[in-house]
Amino acid sequence: MKILIAGGDGFCGWPTALYFSERGHEVAIADSMIRRQWDDELGSNSLTPIATLKERVTTWKNVSGKDITIFVGDLTDYDFVESMFRAFEPDTIVHYAEQRSAPYSMIDRKHAVFTQMNNVVGTLNVLYAMKEVVPDCHLIKLGTMGEYGTPNIDIEEGYLTVEHNGREDVLPYPKQPFSFYHLSKVHDSNNIMFTCRSWGIRATDLNQGVVYGLWTDETKRHEKLYNRIDYDGVFGTALNRFCIQAAVGHPLTVYGKGGQTRAFLDIRDTLQCVELAALNPADKGEFRVFNQFTEQFSVLELAERVAAVAKEMGLNPEIAHLENPRVEKEQHYYNAKHTKLMDLGLKPHLLSDDLIRELIETADRYKDRVDFGVIAPNATWR
Ligand code: USQ
């Protein structure tokens, strides 16, 4: 299969590119390198040192004998998108190329506008290029579980059967997103659904939970293939942050009561899920939604789990309840369905103490790179 990984220099995109390449697919990466610029803007960095994209791809060629093509450019530039589609003619596009941080989108008006322009316009350009150049291509779009919010009923996979005034229909599940970032994904979903219906685009929206972990079989093979991992208050996410905080002796930053429950998955399962979607494509005109996660946890439960492992390792972890910078429920019902990827054959890597230990050990190895000044959350929702 010819697979274009948009956002192939990022936390999910880079290991996905290697995973497909290792399995014999022809892989191209599209990336504007903007993730690295956000590090400069925020004064933050990846815990692990990361090579440039060019060095990464050259190293992969040396290690595996396999080529990955690079297209450097921005999806909001339609000429770039169309010429790349003409040059590569993908069978599948895996689209990760978005600003993915909720706190970043909430910094101020400028960051909210940037996030929505970047994400919504980029995806719209991809849809137009698919229609013009590769109408049979399958779009695998990374959405988010945060599109649904935390309703007081079970969360279904994309659609809900509704009875109203004696009539019944299957309608898109109501969306109550957490941030301007999560809203951008809702806008994308609506645009994609519309183009499936109007132009016969085939698409899978993967509503992914919070991804944790770092290592995959491919990224472990050479230090220039290492993936990035974020610990700062803007791009760092719950479980990974807690493991790094435990390793460096920073209190674990639970926001508010910590009863916020979210869906989670191991990064190795992100790769499996994307592969399952690619090998079992949506039909022409079909807009499929899969909830992509394996387990749900409250934030406090995760902090306690990390603290217990850290204690066994001889560390002295503390859990801090910070004033919550976000507007979100801290105690709520949460029960999200996630059977569609399991039905396609997903074999989950459930959260284990070994994985937590491995993350703490990795953080210990690179602890000199950690800047304590960027750990606190500083973007507020109010
Ligand atoms: N939280 C803490 N302490 C922290 C960091 C987060 O208590 O140090 C809490 C937040 O308040 C929130 C929950 O943990 O209730 C999740 O926050 P997060 O920063 O781990 O993840 P989130 O902002 O939801 O975004 C991440 C990814 C995003 C993806 C989303 C999936 O950055 O790209 O779409 O996870 S989901 O959460 O299902 O929407």
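The shell around the ligand in this predicted model divides into nine nonpolar, nine polar and five charged residues; Ala, Val, Leu, Ile, Met, Phe, Trp, Tyr, Cys and Pro are counted as nonpolar, Asp, Glu, Lys and Arg as charged, and the others, Gly among them, as polar. Local features require pLDDT of at least 70 and side-chain atom pairs pLDDT 80 or more, whereas totals for chains, interfaces and linings use all residues. Residues are numbered from 1 along each chain as its sequence is written, and side-chain values use heavy atoms, with hydrogens and water left out.

Of the 23 residues around the ligand, those that come nearest are Arg100, Tyr181, Ala238, Thr253 and Glu328 (a residue is near if one of its heavy atoms lies within 4 Å). An oxygen atom of the ligand lies 2.7 Å from a backbone N or O atom of Ala238. On its own the ligand has 720 Å² of accessible area, of which the protein covers 95% (Shrake-Rupley method, 1.4 Å probe). Two or more residues of the shell come from each of helix 7 (180-199), helix 8 (238-248) and strand 10 (252-255); helices (H or I, at least four residues) and strands (E, at least two) are DSSP runs numbered from the N terminus.

Glu328 is placed in the loop between strand 14 (319-322) and helix 11 (340-343). Its side chain makes polar contacts with the side chains of Arg262 (2.9 Å) and Asn324 (3.0 Å); such a contact is a pair of N or O atoms within 3.5 Å, within protein one able to donate a hydrogen and the other to accept it, and residues adjacent in sequence count only if both atoms are side-chain atoms. When residues up to four places away in sequence are not counted, Glu328 touches Gln260 and Arg262 (heavy atoms within 4.5 Å).

The structure also holds three cavities of 30 Å³ or more. A cavity is a set of points, on a 1 Å grid over the protein atoms alone, where a 1.4 Å probe fits but cannot get out, and lining residues have an atom within 4 Å of a point. Grid points are joined across faces, edges and corners, and the volume is the space filled by probe spheres set on the points. The second largest cavity contains about 80 Å³ of space. Its lining comprises 14 residues, of which Gly158, Lys175, Ser189, Phe287 and Val289 are the closest to its centre. Helix 7 gives the most to this lining, with three residues.

Notes: On a 1 Å grid over the protein atoms alone, a cavity is a set of points where a 1.4 Å probe fits but cannot get out, and a pocket is an open set with protein on both sides within 12 Å along at least five of seven lines; lining residues have an atom within 4 Å of a point.
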